[in-house]
Amino acid sequence: MSQTRQYELVYIVSPDASEQAVADLHTQVEQIVQRFNGTLDKTENWGRRKLAYEIGHAREGTYVIETITGTGELMKEIDRRLRVTDTIIRHLTVRVDDDLKVAERLRSERKATQARRRTARGLPPEPQASERRGDRDNDDQDDGVMGLEAEGQR
Amino acid sequence: MSPERGGGGGRGRGAKKDDKDKKGERPRGGFFRRRRVCKFCAEKIDYVNYKDVRLLSPFIPERGKIQPRRISGTCAKHQRALQVAIARARQLALIPYVTD
């Protein structure tokens, strides 16, 4: 039995395809997922978006992102099906569970460190709403620069 | 521009003249504003999301190439993550491969 993992599937539907066609594709994916005993965790439709470069004469496309939990075989089948579907101009599958796990671990570690340091200083473990950011581990100069740069980018 | 720039940039300008013969001094010109800290470390971004164009776009100058670490100030770990994210975003036509 192969392991279940979390994947992110992004596909771009040709601009010629109707909204109905996009919905049909989604149900197709859903059916494959069900057939392989996977779960479709989340679907996001970005709608029509301009492409950064032309893909086979198409200048824009409809982006759909599906978060799927299932086996590698499931993703292989989806990949095969999307490859032969003409209305799909591009698709990409990314395995995300490891990356998200690492991100989650880093976040909790950081939180734990913060709580430990704060209790060592006799403060409540969680920062209060009244406290300003930057009084803890950053020097004031750094904050000034970051603030300015953030403004400049907007 | 800011008090910080006056301090850090001052050394940069001074070092610029003789950065060829002084290897120990970091040869950074005054053309780009210096970013001393990695954006991802400073903003505590653990996962570089390839779908977030607004996050990636500051690292892609007009030409479409990935900005080197020595200019953007990104740490090695996050530059690696950034590379992968940009590669994925390019495949999905969110970011151009080349612009000319």
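Predicted model: local features only at pLDDT ≥ 70, side-chain atom pairs only at ≥ 80, totals over all residues.
Residues are numbered from 1 along each chain as its sequence is written, and chains are lettered from A, with ligands numbered from 1, in the order in which they are written.

Start with chain A. Its secondary structure comes to four helices and four strands. Helices (H or I, at least four residues) and strands (E, at least two) are DSSP runs, numbered from the N terminus. From that end, the elements run β-α-β-β-α-β-α-α. Of the 154 residues in chain A, 32% are buried. Buried means under 20% relative accessible area, exposed means over 50%, and partly exposed lies in between (1.4 Å probe, protein chains only). Contact means heavy atoms within 4.5 Å. Among contacts in chain A between residues at least 6 apart in sequence, 67% join residues at least 24 apart.

How confident is the predictor in chain A? The average pLDDT, a confidence for each residue from 0 to 100, is 84 for chain A, and 84% of the residues score at least 70. Over residues 138-154 of chain A, the pLDDT is below 50. That stretch has 17 contacts in the model beyond near neighbours in sequence.

Now take helix α1(A), residues 19-35. It has 17 residues and reaches 25 Å from its first C-alpha to its last, close to the expected 24 Å. The expected span is 1.5 Å times one less than the number of residues. Its buried residues are A:Val22, A:Leu25, A:Val29, A:Ile32 and A:Val33. They lie on the same side of α1(A), because they cover an arc of only 105 degrees around the axis. The arc is that of the directions from the helix axis to the C-beta atoms. The face turned away carries exposed residues: A:Glu19, A:Gln20, A:Gln31, A:Gln34 and A:Arg35. The cover over the buried residues includes β1, β2, β3, α2 and β4 of chain A. After α1(A) comes A:Asn37, with a positive phi near 60 degrees.

Helix α3(A), residues 97-120, has 24 residues and reaches 34 Å, close to the 34 Å expected. Here A:Asp97, A:Ala103, A:Gln114 and A:Arg118 are buried. The buried residues pack against β1 and β4 of chain A. A:Gly122 follows α3(A), and its phi is positive, near 80 degrees.

Next come the cores. A nonpolar core is a set of buried Ala, Val, Leu, Ile, Met, Phe, Trp, Tyr and Cys residues joined through side-chain atoms within 4.5 Å. The largest has 28 residues, and A:Tyr63 and B:Phe40 are among those that touch the most other members. β1, β2, β3 and β4 of chain A, with α3 and α5 of chain B, each supply at least two residues. The largest share, four residues, comes from α5(B). Another core, of 17 residues, lies apart and includes A:Ala17 and A:Leu74.

Last, the cysteines. The structure holds zero disulfides over all chains; a disulfide is a pair of cysteine sulfur atoms within 2.5 Å. B:Cys38 is buried, at 6% relative accessible area. B:Cys41 is partly exposed, at 41%.

Methods
Heavy atoms only, no water.
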